[in-house]
Amino acid sequence: MSNAPTLVGQQSNSLREAFGSALSECANTDPTILVLDADVAGGTGAHHFRSQHRQRFIQCGIAEQNMVGVAAGLAISGYKPFVTTFATFMLRGFEQIRLSVAYSNKNVKLVASHPGLDVGPDGASAQCIEDIACMRSLPGMVVLSPCDAWEVRAATKALVNYSGPAYMRTGRSPCPNVFTEEPEFTIGKGYELHYGNDITILSCGVMTHRALSAAQELMTEGISVRVIHLPTIKPIDENMIIKAAQETSALISCEDHNVIGGLGSAIAEVLAENPSAPLFRMGLNDVIGRSGEPDELAAFYGLDTPSIKEKARQVIKKVNKHEQ
Amino acid sequence: MTPTELIAQKVRKNIIWSIYHAKSGHPGGSLSCSDIMTILFHKVMSAPRTKNRLSEDSFILSKGHAAPTLYAAAATKGLLTTAELKTLRSINSPLQGHPDVKHLPWVDVSTGSLGQGFSVAVGIAKGLQLKNSSNRVFTLLGDGELQEGQVWEAAMFSGHHGLSQLTAIVDYNKLQSDASNSEICNLEPLMDKWQSFGWQVINIDGHDHQQLLAALLADNASSQPKVLIAHTIKGKGIDFMENMPLWHGSVTLSEQQYIDAMTSLGCSSTELEEYQNV
């Protein structure tokens with residue numbers, strides 16, 4: 001049984017493909033790893049696991065609520081189940097995630113592809129811009145959003161070794177590499193990827209490569225931008241955020257998600273109790289998406305590199321005016 | 001009364017005792033499944049190999065609002081004391097309003113949102129199948145619970161995967177929170193529904209211990225999960241509660257209602273005093 005080849009991601013550097021192949025490798029040495037799928041394995045990267053570990057690939061059909069509960073039961077039986085589907089459909093099982101996984105503290109990993117505008121032409125119904133907000137609100141839930149294929153590999157390994165409920169966003173579209181090799185990855189840790197001392201951009205997921213490009217290009221304008229990549233949105237690296245707020249004059253958060261409830265909100269919560277610098281949030285401004293190529297959509301909704309650069313210039317102006 | 005009927009009656013007394021002290025809880029649907037849980041715990045499920053466990057087999061109470069029955073029956077297995085039953089639903093009690101895995105070591109998953117426990121039981125059964133284990137999984141569902149879509153997702157999955165380690169029991173007392181099943185959203189033809197999802201179906205009187213035992217001990221058909229449609233009476237054992245939707249829950253029992261209920265269950269004045277002295 002194989003899915004139509006058009007469903008299988010062709011790009012080796014998409015986050016979903018990196019997840020599927022990394023987990024499949026982990027399963028070579030860990031016989032307790034299982035993958036649960038709701039008939040979208042070709043789209044989530046889980047097809048790598050299916051082809052290598054047929055007996056440990058559990059097809060649940062298009063029934064996400066049951067899939068989440070079955071995963072909790074498999075965890076009780078001593079397995080490490082990875083529930084895979086699109087981010088939007090993961091929310092279909094949200095209440096099951098709440099009670100059977102989070103409240104029951106089960107060692108279930110939820111890995112979702114197709115988050116945000118990165119989904120592209122499938123349009124708004126499939127572009128999940130609420131998953132981070134939802135998952136972050138669950139007591140005990142770890143929330144990850146790595147930025148490139150290398151980091152997804154590292155994060156997948158970290159999830160295998162972590163015991164407890166966790167959610168990870170991958171991505172659908174080909175994504176430029178931020179790292180040149182597999183980086184160190186610790187759940188809960190932020191990473192300063194570009195040093196700067198005027199302002200700080202904090203990002204996760206596919207926004208990180210855009211933030212880095214913006215920072216590099218802004219150097220030519222004499223603007224020194226620090227880029228902090230926060231692949232763990234919960235528990236968030238408070239110290240790194242506070243330090244950036246003390247050492248730079250303003251912060252900008254960037255995420256492919258609604259500005260309500262996601263990375264920007266998580267950072268705002270830290271800054272509300274440690275107010276050293278203002279925060280400006282970039283993301284979907286409480287609107288839903290539309291069809292289009294990911295890069296077109298990023299430009300349309302003001303989430304591409306030029307938009308980040310423009311935001312940085314505005315923020316610098318605003319802060320300087322305030323200081324005068 | 002047979003020895004197991006006496007235990008089931010004790011379970012019912014424990015239920016009333018704990019709900020009376022909690023001043024809230026669901027007596028109707030707790031009383032209807034007392035015989036089922038008594039037979040499961042005392043005659044069907046294997047003995048545990050470690051302390052603080054119910055069994056080597058698994059039991060998931062998918063109709064989590066029948067928590068008082070779970071606790072009352074666990075007390076007859078020595079997992080809880082009568083004094084602990086008195087703490088039902090209070091702030092420092094392990095006996096939460098619905099079963100909570102964080103408070104009780106012998107509960108496998110928190111339940112209380114209908115349909116969810118069933119899927120978890122299905123997952124445990126899938127795990128046993130992967131391990132080629134001979135252990136079994138039992139799960140108890142309410143009839144109103146069957147209106148949840150998740151139940152039929154799980155039923156379809158179980159039939160497709162041939163989970164022969166799995167036995168589901170439907171506490172078919174015909175009443176749900178507001179009115180009868182047939183008024184709210186009809187379940188019939190129920191046997192046909194389960195059969196068409198690939199299940200072996202057994203229709204029984206859920207208060208008849210012989211029938212319960214025979215149906216639960218019978219080997220599952222090869223590669224098929226099994227479901228017992230257990231016809232029961234909501235509020236079973238207490239004349240003024242039987243078949244009355246009012247006692248679904250969450251209700252407060254007055255002192256007189258408590259005494260009347262205990263008397264209806266055949267509680268002598270000495271036994272009543274024993275409870276009082278706890």
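Predicted model: local features only at pLDDT ≥ 70, side-chain atom pairs only at ≥ 80, totals over all residues.
T85(A) is part of strand β3 of chain A, which covers residues 80-86. T85(A) has a relative accessible area of 1%, and because the limit for a buried residue is under 20%, T85(A) counts as buried. Leaving aside residues up to four places away in sequence, T85(A) touches V40(A), T44(A), E64(A), M67(A), M90(A), V111(A), A112(A) and S113(A).

The next step is from a single residue to the division of its chain. Chain A falls into domain 1, residues 5-169, and domain 2, residues 191-323. How many residues does each domain bring to the contact? Domain 1 of chain A gives 28 residues and domain 2 of chain A gives 33 residues. The C-alpha centres of the two domains of chain A are 26 Å apart.

The size of an interface is often expressed as the accessible area lost when the parts come together. Between domain 1 of chain A and domain 2 of chain A, the buried area is about 2200 Å², and carbon and sulfur atoms account for 57% of that area. On the side of domain 1 of chain A, three residues stand out: L117(A), I129(A) and R136(A) supply 34% of the area that this domain buries against domain 2 of chain A, more than any other three residues.

Which elements of domain 1 of chain A each supply at least two residues of the side that touches domain 2 of chain A? They are α7 (131-136) and β5 (142-144) of chain A. The element that gives the most to this side is α7(A), with 4 residues. By residue class, the side of domain 1 of chain A that touches domain 2 of chain A has 15 nonpolar, 6 polar and 7 charged residues.

The remaining features concern the backbone. Most residues other than glycine have a negative phi, and most peptide bonds are trans. In chain A, the peptide bond that joins K234(A) and P235(A) is cis, with omega about 0°. P235(A) sits in the loop between β10 (232-234) and α10 (238-247) of chain A. In chain B, a cis peptide bond runs from E188(B) to P189(B), and its omega is near -5°. P189(B) belongs to the loop between α8 (181-185) and α9 (190-196) of chain B.

D39(A) is not a glycine, yet its phi is positive, about 65°. This residue is placed in the loop between β1 (33-37) and α2 (41-44) of chain A, and D39(A) is partly exposed at a relative accessible area of 37%. N132(B), also not a glycine, has a positive phi of about 55°. The loop that holds N132(B) runs between α6 (116-131) and β2 (137-142) of chain B. Is N132(B) buried or exposed? N132(B) has a relative accessibility of 72%, and because exposed means over 50%, N132(B) counts as exposed.

Note on methods:
Residues numbered from 1 in each chain as written. Chains lettered and ligands numbered in written order. Heavy atoms only, no water. Domains from an automatic or database assignment. Contact = heavy atoms within 4.5 Å. Buried area = accessible area lost by both parts, 1.4 Å probe. Nonpolar A, V, L, I, M, F, W, Y, C, P; charged D, E, K, R; others polar. Buried < 20%, exposed > 50% of the residue type's maximum accessible area, 1.4 Å probe, protein only.
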